[in-house]
Amino acid sequence: MKNIDCEIYISQMITFFENNPGDFMDLVGDVQKEDFYQKIREQSLKNLEEGNDYVLTKQQIIDIVVELKVPELNDRLKIEKHIFKTK
């Protein structure tokens, strides 16, 4: 029964973000929606398995966003490593 609650929660989040794309951009930025939704689903199910509430905490959502942004940040760092500073 809790899996159903989890799926309803995820469905509601997806519906909210689809109806409010500005809020999605404010929270998540330019990451792929499908990747974000998949990570939310995985974390919610993991919470259930650990005996916790299926609703994600603010920190869990932030962690997901950071995790999805890391490849983008790494690409920027690679480019910056090739810049030479001169007088």
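This is a predicted model: local features need pLDDT of at least 70, side-chain atom pairs count only at pLDDT 80 or more; totals for chains, interfaces and linings use all residues.

**Stop 1: helix 1**

Helix 1 has 18 residues, and at 1.5 Å a residue it should span 26 Å; its end C-alpha atoms are 26 Å apart, so the two values agree. Now color C6, Y9, I10, M13 and F17, which are buried. Those five sit on the same side of helix 1, because they cover an arc of only 95 degrees around the axis.

**Stop 2: the nonpolar core**

Which residues touch the most other members of the largest nonpolar core? Select F36 and I40, because that's the pair to look at in this set of 18 residues. Helix 1 (2–19), helix 3 (33–49) and helix 4 (58–80) are the elements that give two or more residues to this core. Helix 1 provides the largest share, five residues. As a general note, nonpolar side chains tend to be buried together in soluble globular proteins.

Zoom in on F36 and show its surroundings. Leaving out residues up to four places away in sequence, F36 touches F17, F24, L27, V28, V31, I61, I64, V65 and L68.

**Stop 3: along helix 3**

Move on to Q43, which is in helix 3. Is Q43 buried or exposed? Its relative accessibility is 19%, so Q43 counts as buried, the cut-off being under 20%. Beyond its neighbours within four places in sequence, Q43 is in contact with L56, Q60 and I64.

S44 has a relative accessible area of 0%, so it is buried. Its contacts, again leaving aside neighbours within four places, are C6, Y9, I10, Y54 and L56.

Then select N47, another residue of helix 3. N47 is buried too, at 3% relative accessibility. Show its side chain and you'll find that it reaches the backbone oxygen of D53 at 3.3 Å. Not counting residues up to four places away, N47 touches N52, D53, Y54, V55, L56 and Q60.

**Stop 4: the salt bridges**

How many salt bridges are there? The count comes to three. Side chains of opposite charge can pair when their charged atoms come close.

- Select E7 and R41: their side chains meet in a salt bridge, at 3.4 Å from N to O. E7 is in helix 1 and R41 in helix 3, 34 residues apart, so this pair links distant parts of the chain. E7 is partly exposed at 34%, and R41 is partly exposed at 24%.
- Select K33 and E18: the closest N and O atoms of this salt bridge are 3.7 Å apart. K33 lies in helix 3 and E18 in helix 1, so the pair ties together parts that are 15 residues apart in sequence. K33 is partly exposed at 26%, as is E18 at 41%.
- Select K39 and E67: here the closest N and O atoms are 2.7 Å apart. This pair links K39 in helix 3 with E67 in helix 4, 28 residues apart. K39 counts as partly exposed at 25%, and E67 does at 43%.

Methods: Residues are numbered from 1 along each chain as its sequence is written. Side-chain values use heavy atoms; hydrogens and water are left out. A nonpolar core is a set of buried Ala, Val, Leu, Ile, Met, Phe, Trp, Tyr and Cys residues joined through side-chain atoms within 4.5 Å. Buried means under 20% relative accessible area, exposed over 50%, partly exposed in between (1.4 Å probe, protein chains only). Helices (H or I, at least four residues) and strands (E, at least two) are DSSP runs, numbered from the N terminus. Contact means heavy atoms within 4.5 Å. The expected span of a helix is 1.5 Å times one less than its number of residues. The arc is that of the directions from the helix axis to the C-beta atoms. A polar contact is a pair of N or O atoms within 3.5 Å; within protein, one must be able to donate a hydrogen and the other to accept it, and residues adjacent in sequence count only if both atoms are side-chain atoms. A salt bridge is a side-chain nitrogen of Lys or Arg within 4 Å of a carboxyl oxygen of Asp or Glu.
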